[in-house]
Amino acid sequence: MKLKRFQTREIFKQKGHFFKKLALFACLAAVVSVAIFFTHRLIDSKINNGNSIINLKSKWKLVNDKSKWQKYDYTDVSEIYKDIYEISSAILYTKPFNTAALTYHGFSAFFLSVSQSDVVSSLTYIDDSINSLRLALQNARFGAGAQIEYMLGKAYFYKNFQSSYYYYSDLAIDYLLKSKKHGYKADDIPELLGLCYASLGMTMESISSFTEALLVRESDILLLSIAEQYHNAGQDNAAEQYLFRISQECKDEQIILKSHLLMGNIFLEREQYDDAEKEFNLILEKNENSADSYYGLGVIYEARGDAAKARAEWRKALRIQNNHPLALKKMSDFK
């Protein structure tokens, strides 16, 4: 009987120890959970607010993750680029040759340039982008350099576009071709190359690139660009095929009018004056401020021997565009 009571007391003691250990374990688990929670909050705060490479990478991931913008009070992607630009600027102030900071700085500066409405501000950002990316490229890791070359090509292309000169097309081509050679893939590379080749008068290279771009994504502006380049190459039959496709499928009024202007000029060069006149008049029905159309009509009247009507059309062209080079030359020749 005594033995039985002793065994019962031992069982209660063991259960008591078990519950004490369980309670202690629960307390420890709660403390650890709280510690982990606040540590995570602290780390998250440091990552998303400090001037660090980790912060830059974190911000860059947000660019394509719109679902998280609200968490960080972003309403537009340009705000993210601005933060990346400022954080990378702070890092570069103390570490001017940090490759990662230079890369993110160059990328963000490019996209900020594209978003500017003021040309001066846009060019300031694009120059900053180019300088940063060129420095980053010098020490880029294997594989990362191809993307930097691609962005440099785009930056030079955009600088070329913004400056209204073609001084940078060769550099854009050089970096875009290097990025392709080093394995970087982007759908817009063939189109960018086509536009750069066209600006340099490299007609056949432009046609080749535009044709490659069509395989990736067909667009009316690409069809028109190819038609223009075939016309420049003296291959008007090929140009007409692309213009016909525009006439059948295009919904963009501006591209349609440009295609009629090109077709009118083709007829003009073939001395098919009636057909050319129809094209130019069709344009003027939609846009009475087309200086090129008035110039074309003037050439038609000149060919028909009506100098008075020809000069009248060229004067209309000059009233719309007072520096229209072809109309100015014609008026000068008639003096």
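In which crossing, left-handed or right-handed, does H10 pass H11? The legends below take up this question and then turn to a pocket in this predicted model.

**Close-up 1. Helices H10 and H11 pass each other in a left-handed crossing.** Here we look at helix H10, residues 220–232, beside helix H11, residues 236–249. Their axes come within 8 Å and cross at roughly 160°. Because angles over 145 degrees count as roughly antiparallel, H10 is roughly antiparallel to H11.

**Close-up 2. Side by side, H10 and H11 meet through residues from both helices.** On the H10 side, look for Asp220, Leu223, Leu224, Ile226, Ala227, Tyr230 and His231. Facing them in the contact, H11 brings Asp236, Ala238, Ala239, Tyr242, Leu243, Arg245 and Ile246. Sorted by class, the contact of H10 with H11 holds 10 nonpolar, 1 polar and 3 charged residues.

**Close-up 3. The second largest pocket holds about 330 Å³ of space.** Its lining is made up of 13 residues.

Close-up 4. What is the make-up of the lining by class? The lining of the second largest pocket has 7 nonpolar residues, joined by 4 polar and 2 charged ones.

Technical notes:
Residues numbered from 1 in each chain as written. Predicted model: local features only at pLDDT ≥ 70, side-chain atom pairs only at ≥ 80, totals over all residues. Heavy atoms only, no water. 1 Å grid on protein atoms, 1.4 Å probe; cavity = no way out; pocket = protein on both sides within 12 Å on 5 of 7 lines; lining within 4 Å. Points joined across faces, edges and corners; volume = space filled by probe spheres on them. Nonpolar A, V, L, I, M, F, W, Y, C, P; charged D, E, K, R; others polar. Axes fitted to C-alpha atoms, helices over the stretch in contact; angles between N-to-C directions. Helix = DSSP H or I, 4+ residues; strand = E, 2+ residues; numbered from the N terminus. Parallel < 35°, antiparallel > 145°, perpendicular 65-115°, else oblique. Left-handed = near helix turned anticlockwise from the far one by under 90°. Contact = heavy atoms within 4.5 Å.
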